[in-house]
Amino acid sequence: MIQNYLIFGMAILFVIVLLQLHKTSEREDQLLQTISNKNRLIWDYETELLEIRSKIAEANDRAKTWELQANFLKELNDDKNQSTRGKSVNK
């Protein structure tokens, strides 16, 4: 008789453990899905950040080119002004 109660009690405990394990497994799946979604978002943000950095680098390159062109034109203008001044002084 006592053995029957022990077996019945152990069976109930076994069912409870299985239910808890199932519940834990579902929670683990939810957490893994959440992590996967967040990782996907991180990759999207990193890709967007790389695109922005690339655009910034391109803009910096264009600005440097414009600066070099402006300096070159300034030097040409300075050379022109110096040669013009020299000619007017000699006349």
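Let's start at D78, a residue whose place is in helix α1. Helices here are DSSP runs of H or I with at least four residues, strands are runs of E with at least two, and both are numbered from the N terminus. This is a predicted model, where local features need pLDDT of at least 70 and side-chain atom pairs count only at pLDDT 80 or more, while totals for chains, interfaces and linings use all residues. Residues are numbered from 1 along each chain as its sequence is written, and side-chain values use heavy atoms, with hydrogens and water left out.

Now step back and look at the whole chain. There are 1 helix and 0 strands in it, and helix α1 covers residues 2-90. The C-alpha trace spans about 135 × 15 × 5 Å along its principal axes. The radius of gyration, taken over C-alpha atoms, is 39 Å, whereas a compact globule of 91 residues would have one near 12 Å (the globule rule is 2.2 Å times the number of residues to the power 0.38).

Next, look for charged partners. Side chains of opposite charge can pair when their charged atoms come close. A search of the whole structure finds 2 salt bridges, each being a side-chain nitrogen of Lys or Arg within 4 Å of a carboxyl oxygen of Asp or Glu. In one, D78 meets K74 at 3.8 Å, N to O. These two sit 4 residues apart in helix α1, about one turn. D78 counts as partly exposed because its relative accessibility is 31%, while K74 is exposed at 53%. E67 also forms a salt bridge, with K64, their closest N and O atoms being 3.9 Å apart. Here the spacing is 3 residues, again about one turn of the helix.

Finally, find F8, I12, L13 and I16, which form a nonpolar patch on the surface. Patch members have over 30% relative accessible area and no salt bridge; nonpolar side chains (Val, Leu, Ile, Met, Phe, Trp, Tyr) are joined within 5 Å, and like charges within 9 Å. L13 counts as exposed because its relative accessibility is 54%.

How values were computed:
Areas by Shrake-Rupley, 256 points an atom, 1.4 Å probe, with all protein chains shown as cover. Buried < 20%, exposed > 50% of the residue type's maximum accessible area, 1.4 Å probe, protein only.
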